[in-house]
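Thanks for asking for a second pair of eyes on this one. My notes follow as numbered points, for reading with the model open beside you.

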Amino acid sequence: MKNVQIGGLTVGNDQPLTLIAGPCQLETLDHARMIAETLARICEGTGTQFVFKASYDKANRTSLKGRRGVGMEAGLRILETIRAEFGCPVLTDVHDIPQAEAAAKVVDVIQIPAFLCRQTDLLLAAGKTGCVVNVKKGQFLAPWDMPNVADKVASTGNDKILLTERGVSFGYNTLIADMRSLPIMAKTGYPVIMDATHSVQQPGGQGGSSGGQREFAPVMARTAVSLGIAGVFIETHQDPDNAPSDGPNMVRLDDMPGLIGSLMQFDALAKADPFRL
C-alpha cells in the first residue's frame, strides 16, 4: 500500500479521507477564494483532508462555443494565491507537454484528463516534474488497464501517483460507474480516488454541451467511500445552473457540509474494517 504526500497531507487507501473539490472552471480570484474558504472551513470542522481543484482551461469542450476558462497564466496565478492564503494543496489539469512543467511550478497535483490517459509523452512529462500526478481513468478503459498507465508515470522515477475512477462509456451520451473498479485499481497499491461528479455526467447530452444528473453525485460518493478508498473528487458551485462548465453534474455548495459530514462517517466505518480482494 503506497501513501502519497501532498503538501502536509498523507493520502492513501488506508488513510483518512481526502476531499479533492472546487469549481470545474476557474472564473475569478474572488470566486475561487469564496469556494476555497467555504470548503476549507467545512473540512476543518469534519477533519477531512482538503485539496482545492479547478481548471484554467477546459480544452475538451463539447462545442467550439463552450467557455474554456481564464487561461493558464491567469489561472495559475489564482491557484498560487489560493494555495498561499488557505494553506491547502491545489490541483489542476494539463493538456499538453509544455503545460506540465509550467503547472508544476505552482500546483501540488497535476491531473491528466481521462481522454488523455494513454498519451505516453504527456504522462512522462507529468512524471518528470516530480509533482504528484492524478490520472483519471479513461471512459474507454477497463480498471485492469490502469497499471500500464501508472507504469508510464512511474518509469520517470516518480511514484507519487493517484488513480481516479470517473465512469465508463455505456452507449451514447451515458456513463456508468462500476464500483468493482475501485478495489481492482487499489490492487496497484496506489491511492484511488472516486470522481463522484463526472461519473454522473452525460457527455454531449445537451447537444452543444454535456448534461448530467447531479442528484446522483452524492450517491456515487457515499457508495465509493463506503468501500474504503483514498479520496473523493467533487466539483461544486454556488449556482451550478449558471456555471460556465459542467453545471448539470456539480454539487451545490450549500449541500457540501452535509455530504462531507456523511462521507467522513462512511470513511471511518470502512477504514475500521478494510475490504480487500
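**Notes on the fold**

1. Let me start inside the sheet: strand β8 (residues 161-165) runs parallel to β11, and three bridges join the two. Within this pairing, Leu163 has Val192 as its bridge partner in β11. Two strands count as paired here if DSSP finds at least two bridges between them. Helices (H or I, at least four residues) and strands (E, at least two) are DSSP runs, numbered from the N terminus.

2. A word on the basis of all this. This is a predicted model, in which local features need pLDDT of at least 70 and side-chain atom pairs count only at pLDDT 80 or more, while totals for chains, interfaces and linings use all residues. Residues are numbered from 1 along each chain as its sequence is written, and side-chain values use heavy atoms, with hydrogens and water left out.

3. Next, the overall build. The protein chain has eight helices and 15 strands. Its C-alpha atoms fill a box of roughly 45 × 45 × 40 Å along the principal axes.

4. How much of the chain is buried? Buried residues make up 54% of the 277 residues. Buried means under 20% relative accessible area, exposed over 50%, and partly exposed in between (1.4 Å probe, protein chains only). Among contacts (heavy atoms within 4.5 Å) between residues at least 6 apart in sequence, 69% join residues at least 24 apart.

5. Strand β11 (residues 192-195) also pairs with β14, in the parallel sense, over three bridges. There, Asp195 has Phe233 as its bridge partner. In a regular strand the side chains alternate between the two faces of the sheet. In β11, Val192 and Met194 point one way, Ile193 and Asp195 point the other way, and all are buried.

6. Strand β14 (residues 231-237) deserves a look of its own, since seven of its seven residues are buried. On one side sit Gly231, Phe233, Glu235 and His237, and on the other Val232, Ile234 and Thr236.

7. Which residues touch the most other members of the largest nonpolar core? They are Phe52, Ile112, Val135, Ile234 and Met256, in a core of 67 residues. Here a nonpolar core is a set of buried Ala, Val, Leu, Ile, Met, Phe, Trp, Tyr and Cys residues joined through side-chain atoms within 4.5 Å. Helix α1 (residues 29-46) supplies the largest share of this core, seven residues. Apart from it lies another core, of 13 residues, including Ile6, Leu9, Ile20 and Val132.

8. Leaving aside neighbours within four places in sequence, Val135 is in contact with Ile112, Cys117, Leu123, Met146, Val149, Val153, Leu162, Leu163 and Thr164.

9. On cysteines, the count comes to zero disulfides, taking a disulfide as a pair of cysteine sulfur atoms within 2.5 Å. The sulfur of Cys24 is 18 Å from the closest cysteine sulfur, in Cys88, so it is too far away for a bond. For Cys88 the closest cysteine sulfur is in Cys43, at 9.3 Å, which is also too far for a bond. Cys24 is buried at 1% relative accessibility, and Cys88 is buried at 6%.

10. Two backbone details are worth checking. Asn173 has a positive phi near 55 degrees without being a glycine; Asn173 lies in the loop between β9 (168-169) and β10 (175-176) and is partly exposed at 39%. Asp246 is not a glycine either, and its phi is positive at about 60 degrees. Asp246 belongs to the loop between β14 and β15 and counts as buried at 12%.
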